[in-house]
Amino acid sequence: MEEETQNGEALPKFPAFPYKPYGIQMEFMKALYHSLNQGGLSMLESPTGTGKTLSIICSALQWVVDKREQDKLKKEVEAKNSSVKGGELGSDDEPDWMRNAVVNKDIQGEKKKSRKKDKFGSGFRRAEKGKDRENCSSLFSWRVEEESCKKKEGKGLQVSSDAVEVNDEDEFLLDEHESDEEGIPCVKKSKRKVAGVSLSSSSDEEDGADGSSDDEDEGEENLKVYFCSRTHSQLSQFIKELRKTVFANEMKVVCLGSRKNFCINQEVLKLGNSTRINERCLDLQKNKNKEVSKIKSLGAGGRIRRNKASCGCPMLRKHKQQKEFKSMVSQLGALDIEDLVHQGRNMGCCPYYGSRSMVPVADLVVLPYQSLLSKASRESLGLNLKNNIIIIDEAHNLADSLISMYDSKITLSQLEDVQCNIEKYFARFCNLLGPGNRRYIQTLTVLTRAFLRILLNGDTGYDGSCHDTVTSAGKNDLPTSSMAINDFLFSLNIDNINLVKLLEYIKESNIMHKISGYGDKLASSEKSSPLDDSEERSTLSSFQALADLLRSLTNKDGDGRIIISRIKPTCSGQHGGYIKYVMLTGEKIFSEIVEQAHAVLLAGGTLQPIEETRERLFPWLPPNQLHFFSCNHIVPPESILPVAVARGPSGQTFDFSYSSRRSSVMIQELGRLVCNLVTVVPEGIVVFFSSFDYEGEVYNAWEASGILDRIKKKKRLFREPRKNTYVESVLKEYKETIDTLSSGERKENPSQSGAILLAVVGGKISEGINLSDGMGRCVVMVGLPYASPSDVELMERVKHIEGLGNSDLIKMTNSLHGNEVYSGEAHEGFNILRSCRHRGKEYYENLCMKAVNQSIGRAIRHIDDYAAVLLVDTRYVADSSTRNFSHPTSKLPQWIKDRFVASADYGQLHSHLTKLADKQMI
């Protein structure tokens, strides 16, 4: 839908926008539309509260509509031209039967497409049968679990002297494996679909003889838009905005999420831990009904017939209900996770697999970061990015979020668990296993023993020859060290093990499920309770951690670092030491996404500085080929009051640097400032601290000194809970309190006039939570929330970023700081930062200021909103020439910098706050 042109390109219209768009919203939508026309990579920045989400929806989906119309017209013109050309060139020579055959084929093709559209509620993806199984990189794919179930049926044990004794343990015995064969181990592949999608297998039969036609249609998937964000609450907000437009009913929309968010099986949900929920879900699908399996194996002529209602989970047994679920969901329009769960509960069928099965025919897929950015997750879900559109929202920390998905970690307790179970399994089944299986099990034993040795003894056997090892003192005076992958392998003398081949064996043989299953059986026979529900780990998750670490060790030497922590186990349940692989480069990972998609859009409220993101994720892209757009805020200048507060009410200078923030003088002066704020600021105040620990220290100090009581006389006090699951209820009560007290309905304390919320930078409230209107009339940022420089992982990232584009500089930086021993004090970590010339130090500063910008952006959410933003620290007003780092205010958003005020004392601040409140009251 287009009108006049500009610079040779037609200007789009956006009729789906539910209101009259503001000027900056129109510019944003045009910029996004232009980016989709151009394809490739774009970054679009729009301050929080400017209607960014709605602008993305109306622009991106309008482009999809326009593109489809253009493609349709193009095909019609081509068909018309080809028919005219065919009529002119020897149409008399073409037999009637040939022309009729072509026409009939076209008609059948249209019928197939129409049938596919009609079956949105019941259609399943069947073209994935071969592709997804082959591409799946997960060591614990559903296919492997399904194979293990099928192999059990009608299969005798290997002949041996004690075969009779093992008749109840045959399910744990590995299939024969030829260890000398190169490539994928010779384990027979099941023809059935993976367990995770197995609910569609019976549907294939029920759909009748035309099942094959759907396979053909699968190659003609519609143009898709993948929208992803960091949290489930942000995805729910996206669906809420989508419902304001006509696209909610015109587009086929599906929302994906984790099992923990979707599961409706109460027996599984009560496990609580995400890892254990995933394991139990897959385990239920693996444990098929034994009677059904027996009937299947007795089929006439030895033919095994697939049966319905064979899944161990009651929510996946009724395939007709799964069809009805999809049909119902397709009629209800755009639904978020909560809506899908509600429908699943009402119908008694699984919303997790129900939503996944709708992906192939969806126009818009809404999903969390992990599902899209992780290659293993994409392949498991069957997401096809080829020539489609990817929109990544909240992309301010995309690089760190992306590479963290490829980290891996195994704890000392997990290694001991794995080692114990391998030894028990090998002792029991050694005589029944072939030479190939025995060899690989012995290899796993060698690896686990080597990992345990480095954690328990701290002796790498490297004799100090590793020059790029960073060590720091951890708890209990035990060192934490880091080293490159090759150095790690050489130090443990395991560099001669073919990890790629071992991983293929682990994936195809299903060895981890066999060993962990046998271990669980032994545990259940030894104890009255097979599993301790309070235990956060399981044998299978321990094996998964080992496999993830082994996979990480196959990366290039410079892609990441190995962190070795030798912390002793504690009474509080800490698992002690660990080995962790930290991914440092996201260039290759991100390039796989960009190369497949037609366009990748990075959107956010604070994307600048963009150079750091470019260097870390797409350095191959010249700066002049990156389309970047940024706009101002819609809120008028008089509605925003950003103030740097250098001194408190008593004249004490605010300095919340690491060395002085715990000073009682500083904490008490901050308390006096807050006591004054609650008297002058109406409705709600949100105070952000650098960490939960520091917030706790301040709270306890205020409580002891009586400051807390003074605050509570004016406003009811709330605190952000550490557990994200409780945040929503706290915010709900916080908002209800403000609404009630602001309306004059005072009950308990007549002097109260609102509420105050103590929150944490980096917590859930600081990321994507809407604190509009009375919920955020004043946002207080306490200090500069720099990450602790004593963090080894952080320092590894800093050193890597410092050397981007210069391999010699990376080696020099590692060598320079390689043998320094840290006492745990932050100033020693700062030595690394001071030695950085540019990029590393810049990254460290950006990490802090992006967190500040995200937090203060929670307040201003629409054009009629107003708020004060107080940056409490003298460093916000100090002369940058006296600092080693650049001035913090230079990294504030432009809409904040344009209105920024540096307050010399509290008197000026009080005057500014009074004027802001008076203007809004008029």
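Trainee: Is Phe14 buried or exposed, and what is its relative accessible area?

Mentor: Buried means under 20% relative accessible area and exposed over 50%, with partly exposed in between (1.4 Å probe, protein chains only); Phe14, at a relative accessible area of 9%, is buried. This is a predicted model, in which local features need pLDDT of at least 70 and side-chain atom pairs count only at pLDDT 80 or more, while totals for chains, interfaces and linings use all residues. Residues are numbered from 1 along each chain as its sequence is written, and side-chain values use heavy atoms, with hydrogens and water left out.

Trainee: Which kind of aromatic pair do Phe14 and Tyr33 form?

Mentor: A pair of aromatic rings is described by the distance of the centres and the angle of the planes. Rings of Phe, Tyr and Trp (its six-membered ring) pair if their centres lie within 6.5 Å, and planes under 30 degrees apart count as stacked, over 60 as edge-to-face and the rest as tilted. By this rule there are 18 aromatic pairs; the one between Phe14 and Tyr33 is edge-to-face, at 6.0 Å centre to centre and 75 degrees between the planes. Phe14 lies in the loop between strand 2 (9–12) and helix 1 (23–38), and Tyr33 in helix 1, so the pair ties together parts that are 19 residues apart in sequence. Helices (H or I, at least four residues) and strands (E, at least two) are DSSP runs, numbered from the N terminus.

Trainee: Where does the charged end of Lys409 sit?

Mentor: A charge sits over a ring if NZ of Lys or CZ of Arg is within 6 Å of the ring centre and within 35 degrees of the ring normal; that of Lys409 sits over the ring of Tyr578, 4.3 Å from its centre, and Arg719 lies over the face of Tyr699, at 3.8 Å from the ring centre.
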